[in-house]
Amino acid sequence: MRSSKLFHAIAVALACSASISAVAQNADEAANADAKTLDNVVVTGSRIRQTDTETAQPVLTLSRQDIERQGFTSVGAILQNISAAGAPPKSRSVLSGDETIGGTYISLRNIGAPRTLVLVNGKRLGVSTQGLADLSTIPVAAVERIEVLKDGASSIYGSDAIAGVVNIITRTNYDGTMASAYVGQYSQGDGQITKGDVLMGFTGDRGSLTLAAEWSDEDRVAAMDRAFSAYPRSNLHPTDNWHTTGDAGGFVTSALNPVPGIPNNTRVVLRPGGDPNNIADYVRQDTFIGSCVGATEATGCRPGVTADKVNTNELLDLIMPVKRRSYYANGVYDVTPNTRLHADLLYSNRVSSSVISGYPMQASSWATPLSADSYFNPSDNAMATWWRRTSEVPRWTERDLTTFRYAFTLEGSFELGEKTFDWDATYLKNENKVLVSTIGNLNLANTRLAVGPSFLNGQGQVQCGTAANPIAFSACVPWNPLLGVGQSGPGALTGNTALQNFLFQEAHGIGRTTSEGFAANLAGALFTLPAGDLGFAAGLERREEQGRFVPDAMVVSSGTTENAGKPTGGGYTVKEAYAEMRVPILAEKKFAHELTLDVATRYSDYNTFGDTTNNKFSLKWRPLETVMLRATVADGFRAPTIYDLYGGESLGYVFFSDPCDTLFGSSASNATTRANCAAGMGAGLANSFRQLSLTNAPVTSASAQTPNPFTLGGNPNLKPEVSKSQTFGMVWSPGFAPGLNVTLDWWKVRVAQAITTDFPTQILEDCYVQGIASRCASFTRDPVTGVVNFLRYGGINAGYRKVEGYDLDLSYRLQTERFGDFTVQSSSTYTAKDYLVTTDSPRLALSQVGLSSVNSTTFRIRSTLGVGWKMGNFGIDWTSRYYSGLKEACVYFIPGSTEANLECNSIHYGPTGNLTGTTSALQRYRQVGSNTFHDLQAHWNAPWNAVIAVGANNVFDHTGPVMYANPSSSFLYYGGFDIGRFVFMKYTQKF
């Protein structure tokens, strides 16, 4: 444990729990003879205790056996494979100071992880400032089962339970010791996972103590080691989109920095073997990166050229390395025959790191000209347009996140009249601390000194300053940015440790989020109706959320090439009251073996936006003993996260599309857009305007990074999201087939006042295509070039998200004397509709089902099928994971090339989403087929009380298709697909 205070705190708590357990074992048995059991069933989605686990709400339960039959090593990975889960909310292959990178999260119904509430034993798991709960903090060894409520539950649990609830139930009253070891890797020989865990339990007459510890090391998978991620445009187009800011330094010619025989405004690099101080030795850079991107039947295309460029994927992580350490303790003690104390303690530490290529330094973006008096300047004038990728010092980021969670619950029961009432009171605190360390960005002040005036001193060394006013080597190391990677000579960056240390310093950002709450609940039966007891639950809660992240001082002050950002800090307090009632209407009647109505309401008062009341109605009807029908209607809401409200402003070179671009933008074909652009920048510029890329060259596709950083920040005026969810379903357990259960549910969720990030592309389209004048105030343009030189965006309440579909679950168990026991489990989700509207402007809702994009990928069908066989001490489990086909916008089209045009293989009319313009247009799509991944595990129960299991996930080594939309990924590949065959072995020993 990295903190001695934390270690002692946990040690004291565990020692107390152990003492409690020891005392319990020697307690007076007579005192326990009349003890009242408190372990009644509480199913996720209700706080009323009951005996029937089938409720009016659809709940998926993953048992301990279901968890052990899989080859996945974390709670998040296990949940990611249920059919109701959406795309992975966070990629494991990005470079970011975001503390959530490296964690695992769940997005039910694919409408966003912040809209899925995560509980541990019915109480909230802590979240980041973005509202994300990291499932990987829970040791798998400590999990008894996982209940997934696939319905809204804000009336029961409050904010965030819009899409559903994941409730992780941990083991308790465990007696014994169990240790497991796991090792696995991809068949390519990388991505090894090494994991160990220990579970210990002690039980007594009046209490128990359960301890779990888990250690996990997950190795890196390099992007270059998979075909789809080895190149910027995948292995299908390996020479396209290489970056022109490469390892060779260069500059842009001008009247002040001319090169003989080369026109002005041309990028040049040093010829092989040339003299960097001789301007005549610079030659035109080949800047062609391919014209296939965005090509049409009329324009054609040709592949790119890799000379004078760099493949930025060479250093990228496809999967970044992660180290996890988690410790969990659960203590239970019967204080009196009718009162029990529960204590939950969790400590987790996660360290994830990632690396990408060196910084693509553009002097014009950072006001760092090569001085006219620099010894290395081949021109007679200052050079403001030099560029150089600093590949000698790749950019590296490490996130060290520590989580501490503890919950203390005192619960009991009492009798009033002939009725028994249960009560509980809980104190809960979650705390996350993160340290983000980065290196590989240039210190701008030192860079300006290094490329400032310099001279050759009397010792034959190039020194900063001038002969009259020299700067000591301890205060400045000169740099020649025109010398490329691997080139030697004065001022070279390659092999020059002193210069690297001068230009690059490690930056540190620190963050802390806390969630602290108190809750009290009362449940029982008010009185008895003809059909049964009228049950109720009611309670009060108070919760305070606080969060803060402070970037390094150099980042805050824009003193480095890292995207500048200001501190994020803030919080809110909520006070809540809820009531729930279960009314039995009919029982044991013809066509009404049971008819029960559930009603729940919750009042929440936030100090930020005010109050809200949310209700839920549920109906359960059993017309036959073997058939149950159920239906629910529920309100929901989600309060803005701390980052939504108080996110500090940060700068970023984001990808966007400018509708005024006369080649790829709406202005190319829409006269109204052209006129709106002309009104803003003048007709002459509007008729020739081209959007510029990060390298200040005209874009070669509809979307590119801005050459000027845009500003992203929080919005303290945000209101909570509100939702309405509905379900209707059937549960069937036919008597003629014992062991068979079939569940079919229809569901629909609509989120209004949706908190969405107001992307730059949307702002520009609203301004120029939709003609919404107020949107034009969010940005400015350069009066000469017309490029957007300032734009601020952030979260807004706008538009809506609506999803609708069906869930079908089947399970069957068959026991035979001769052939063993068989189990079949199938879970399928069919998404019929998925509408997303990101503004309040009039427009048609476009369905996202079956479409792939960087923001959302919704499969029409997701399905899992598990088949298990067990006989004696042997068992085999087979699982298939199915994803239906997808389509995306056509990117590559090559006239006359049948093979290449298979990438654009679907043509049909589709809505544009614009009510004021054309409602449909002929569009060409790229369509890919379905994908199925198969998993196999075999186990043997050894006679020495051990279990040995071997298996493979994606046993047939299936690879999904290239997807140019970057769906939930930093690469052209869906982030939820397997990247190879993963072979593993597990050994579990019980003592």
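Is valine 485 buried, partly exposed or exposed? Valine 485 is partly exposed, with a relative accessible area of 35%. In these terms, buried means under 20% relative accessible area, exposed means over 50%, and partly exposed lies in between (1.4 Å probe, protein chains only).

The structure is a predicted model, in which local features need pLDDT of at least 70 and side-chain atom pairs count only at pLDDT 80 or more, while totals for chains, interfaces and linings use all residues. Residues are numbered from 1 along each chain as its sequence is written, and side-chain values use heavy atoms, with hydrogens and water left out.

**The surroundings of valine 485**

Valine 485 is placed in the loop between E21 and H8. Here helices (H or I, at least four residues) and strands (E, at least two) are DSSP runs, numbered from the N terminus. Not counting residues up to four places away in sequence, valine 485 touches Asp247, Arg388, Arg389, Ser391, Glu392 and Thr494; contact means heavy atoms within 4.5 Å. The C-alpha atoms of valine 485 and glycine 735 are separated by 75 Å, and these residues are 250 residues apart along the chain.

**Disulfides**

A disulfide is a covalent bond between the sulfur atoms of two cysteines.

| Cysteine pair | S to S distance | Angle about the S-S bond | Handedness |
|---|---|---|---|
| Cysteine 464 and cysteine 476 | 2.0 Å | -65° | left-handed |
| Cysteine 660 and cysteine 677 | 1.9 Å | -95° | left-handed |
| Cysteine 767 and cysteine 776 | 2.0 Å | 100° | right-handed |

A disulfide joins cysteine 464 to cysteine 476. Cysteine 464 lies in strand E21 (residues 462–464) and cysteine 476 in the loop between E21 and helix H8 (497–503), so the pair ties together parts that are 12 residues apart in sequence. Cysteine 464 is buried, with a relative accessible area of 1%, and cysteine 476 is also buried, at 0%.

Cysteine 660 and cysteine 677 form another disulfide. This pair links distant parts of the chain, 17 residues apart: cysteine 660 is in the loop between strand E29 (655–656) and helix H11 (671–681), and cysteine 677 is in helix H11. Both cysteine 660 and cysteine 677 are buried.

In the link of cysteine 767 and cysteine 776, cysteine 767 counts as buried at 4% relative accessibility, whereas cysteine 776 counts as partly exposed at 29%.

**A nonpolar patch**

Tyr812, Leu814, Phe819, Phe822, Val824, Leu865 and Val867 form a nonpolar patch on the surface, with about 550 Å² of accessible area together. Patches are made of residues with over 30% relative accessible area and no salt bridge; like charges are joined within 9 Å, and nonpolar side chains (Val, Leu, Ile, Met, Phe, Trp, Tyr) within 5 Å. A salt bridge is a side-chain nitrogen of Lys or Arg within 4 Å of a carboxyl oxygen of Asp or Glu. Accessible areas come from the Shrake-Rupley method with a 1.4 Å probe, and for residues only the protein chains shown count as cover. Strand E37 (800–816), strand E38 (820–837) and strand E40 (861–871) each supply at least two residues of the patch, while phenylalanine 819 is found in the loop between E37 and E38.

**An open sheet**

An open sheet of 5 strands has the order E1-E4-E5-E2-E3, with mixed pairing. Its edge strands, each pairing on one side only, are strand E1 (59–62) and strand E3 (123–124). Two strands pair if DSSP finds at least two bridges between them. Strand E2 (residues 116–120) and E3 pair in the antiparallel sense over 2 bridges, and the bridge partner of valine 120 in E3 is lysine 123.

Technical notes
Disulfide = S-S within 2.5 Å.
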